[in-house]
Amino acid sequence: MDAKFIQRVTDWANALDRLDYYQILRVEPTASREEIRKAYHAQSRFFHPDRYFQLPDGPVKQGIYKISKRITEAYITLRDDEKRRHYNQQVAASQRRVLRYTQQSEQEQKVSKQQEIGKTEAGRRLYQQGLSEMKRNNFTAAERSFKMAMAYEADNQLYKKMAEEAAGKIKADYSIK
Amino acid sequence: MSSNEHVLGIDLGTSYSCVSIVKNDKPMVIPNKNHERIHASVVSFIDSGHVLVGNEAKRRLLTNPKHTIYSAKRLIGRYIFSPEVKKAKVVCPYEIIEGPNHSVRIKAMDQVFSLPQISAFVLKEMKKIALAYLGQEISKAVITVPAYFNDNQRQATSDAGKIAGLEVLRIINEPTAAALAYGFGKDLNERVAVYDLGGGTFDISILEIGSQTFEVISTAGDTYLGGDDIDMRLMDHFADAFMEKYNINLRKDITTLQKLREAAEETKRAFSSQTRVHVHLPAIAQDEKGTPYDLDMEIDNHTFSQLTMDLIQRSFKVCDEAFQAAGMTVHDIHGVILVGGPTRLPLVRDAVKHYFGKEPLLGIDPDEVVSLGAAIQGHSLLSTQTQAFLLDVTPLTLRLATVGGYTEEIISKNTPVPIDRTKLFTTSRDNQERVKIRIFQGESNRQEECELLGEFAFSGFRIAPRGDVQIEVTFEIDSNGILNVRARDPETGEAASTTVSLSSGLSEEEIAYTAEQLDEVELVS
């Protein structure tokens with residue numbers, strides 16, 4: 001165990017939180033799945049805890065263990081296309097402040113889905129009401145609901161789009177009463 | 001590595017165990033003084049101070065059924081209310097009783113033993129065999145477990161090692177060990193499936209073997225399927241036929257049942273090389289007048305196949321699962337490694353050949369390959385020139401209990417290890433002072449359909465309205481596949497953690513105590 005190696009491990013362990021998964025696996029952001037797998041194997045060969053089994057317990061061994069767990073984490077995120085896409089978005093959206101993939105809890109996912117719809121509870125409620133009126137072909141009522149939702153959130157593009165869609169349906173409705 | 005430092009590779013099987021070492025850079029099975037290479041995982045209590053282990057002990061199943069413990073692996077790490085334990089209580093002649101916290105205990109010769117203690121006797125025997133062969137005591141070991149063993153079962157196996165006075169360097173998965181023994185030093189680049197039908201459990205693992213790396217892509221299993229089940233089918237067949245012919249129930253008497261079990265196992269083995277087996281048990285029962293009757297019958301291949309085909313087919317459902325998880329089909333596989341005694345049966349080999357569309361790999365001993373792999377792994381750990389790196393996965397999804405009897409997934413099955421995953425949770429009631437962290441393992445989001453691994457209370461976070469406090473829960477699976485859980489309040493920094501152990505498991509003190517207790521019981525030979 002030479003000093004150079006110890007330095008390398010220490011540097012890596014300390015830098016982990018500043019590295020994205022591509023940097024951890026030492027691959028290009030455009031790497032194919034096969035390249036990612038190869039990189040996982042290569043990095044594992046170097047940082048596998050079994051390789052350092054005989055090291056005394058201490059900061060170096062802990063550092064290696066920490067790195068090997070992060071290598072696994074990078075691999076399971078990047079080998080899955082869906083997760084990889086999410087991760088890329090997350091890194092970009094946070095301007096590289098968030099570099100670890102956190103799968104939001106189901107609860108949070110539900111909340112974030114709601115928040116994608118609208119910021120206010122009243123707006124979201126009216127929007128849902130409008131959708132069910134659309135389903136019943138009650139386009140006049142639907143248009144009213146979407147417009148009322150817009151009263152709460154004037155700049156909500158989703159509400160606006162649906163209000164327009166309902167208005168379009170009214171125009172296209174030639175049935176007699 | 002100093003030349004005289006060895007590590008035992010122990011395959012602790014349901015029916016048989018095997019011990020190996022690496023000597024002069026070659027893995028080898030250590031035979032006992034009778035030149036036997038595999039040893040029955042049977043523990044027979046002679047009196048309170050003496051116990052017999054191995055093939056000799058197995059012979060005592062007939063003469064001393066109440067105090068001769070077999071298939072303990074089927075019970076290790078399980079709760080008393082689990083289906084497997086209930087089944088064992090019906091069919092096993094030895095006494096199975098309830099211990100603290102729904103654990104299982106075995107009573108023999110007026111002494112009560114935990115399952116890790118029973119397995120420790122087998123491990124001690126392996127140690128003894130190595131000592132006799134090498135003339136030196138070896139206390140380091142790598143022990144294998146079925147890939148589909150849950151955390152409780154792994155912990156209990158590791159405890160057994162400690163009780164036996166072994167330093168358990170690693171607990172590794174049986175199919176992974178087999179792949180290691182197959183691919184070690186060959187510089188392969190291929191995908192293999194390991195079909196492991198043991199005495200009590202079935203595992204399938206799909207591996208990608210690269211230069212020095214053995215990556216498990218997926219694993220699946222059934223801890224209720226093995227050669228024992230084939231024996232049971234044959235026993236039932238014998239007993240039913242006898243009932244029909246003489247109207248005598250052979251299932252009533254323990255000794256008769258043991259004779260049937262023995263005959264069933266012999267019949268099964270005979271089918272490895274024969275297509276027709278003659279079973280003859282003279283004077284196995286008598287009628288009320290005392291007239292003795294023989295069990296005398298012939299079974300052909302066709303009947304044997306009919307009796308057991310559904311068991312074999314069940315294994316392929318599990319294989320389907322593994323392939324699905326790997327995102328592969330049988331065509332992606334270059335070779336199939338067969339592990340476990342029952343894979344010697346032409347019936348099994350043919351079915352495997354049919355399923356995978358290719359001949360299984362030759363030249364691999366299905367009884368010894370796992371122990372050889374364990375020895376290689378042990379040797380690698382102590383070597384500075386390690387040439388094999390296992391990249392294994394966790395077989396079952398790990399979950400945290402949430403309100404309303406539900407669970408939330410923290411680490412999904414087939415995730416490579418070591419790994420840690422963190423999720424944020426919150427309180428469910430206003431001004432809640434503590435939370436119970438309950439850990440489950442299984443594939444359902446309902447708590448009652450999963451196995452409870454353990455629980456601990458966490459407090460010390462800010463008292464606040466519900467939903468206002470954050471609790472960070474981290475699950476970590478270490479290189480032995482064993483789970484550690486931490487809870488932390490990111491605001492106060494207050495933290496609590498535990499190595500998850502079965503609530504009925506053994507504490508360090510208990511392990512130390514039972515190890516001492518075991519030392520008072522002598523292994524005889």
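Here are legends for a few close-up views of this predicted model.

Numbering starts from 1 along each chain as its sequence is written, and chains are lettered from A in the order in which they are written. Because the model is predicted, local features need pLDDT of at least 70 and side-chain atom pairs count only at pLDDT 80 or more, while totals for chains, interfaces and linings use all residues.

**View 1. Confidence in the model.** For the model, ipTM is 0.89 and pTM is 0.87.

**View 2. Where chain A meets chain B.** Here 18 residues of chain A are in contact (C-beta atoms, placed from the backbone, within 7 Å) with 19 residues of chain B. On the chain A side, helix 3 (33-47) and helix 4 (59-78) each supply at least two residues; helices are DSSP runs of H or I, at least four residues, numbered from the N terminus. Helix 4 of chain A gives the most, with seven.

**View 3. The largest nonpolar core.** Such a core is a set of buried Ala, Val, Leu, Ile, Met, Phe, Trp, Tyr and Cys residues joined through C-beta atoms within 7 Å, where buried means that 20 or more other C-beta atoms lie within 10 Å of a residue's own. This one has 141 residues, and A178(B), A179(B) and V194(B) touch the most other members. Helix 3 of chain B (residues 115-134) brings the largest share, nine residues.

**View 4. Around V194(B).** Beyond its neighbours within four places in sequence, V194(B) has contacts including P175(B), I204(B), L207(B) and V339(B).

Conventions. Contact = placed C-beta atoms within 7 Å. Buried ≥ 20, exposed ≤ 12 C-beta atoms within 10 Å, placed from the backbone.
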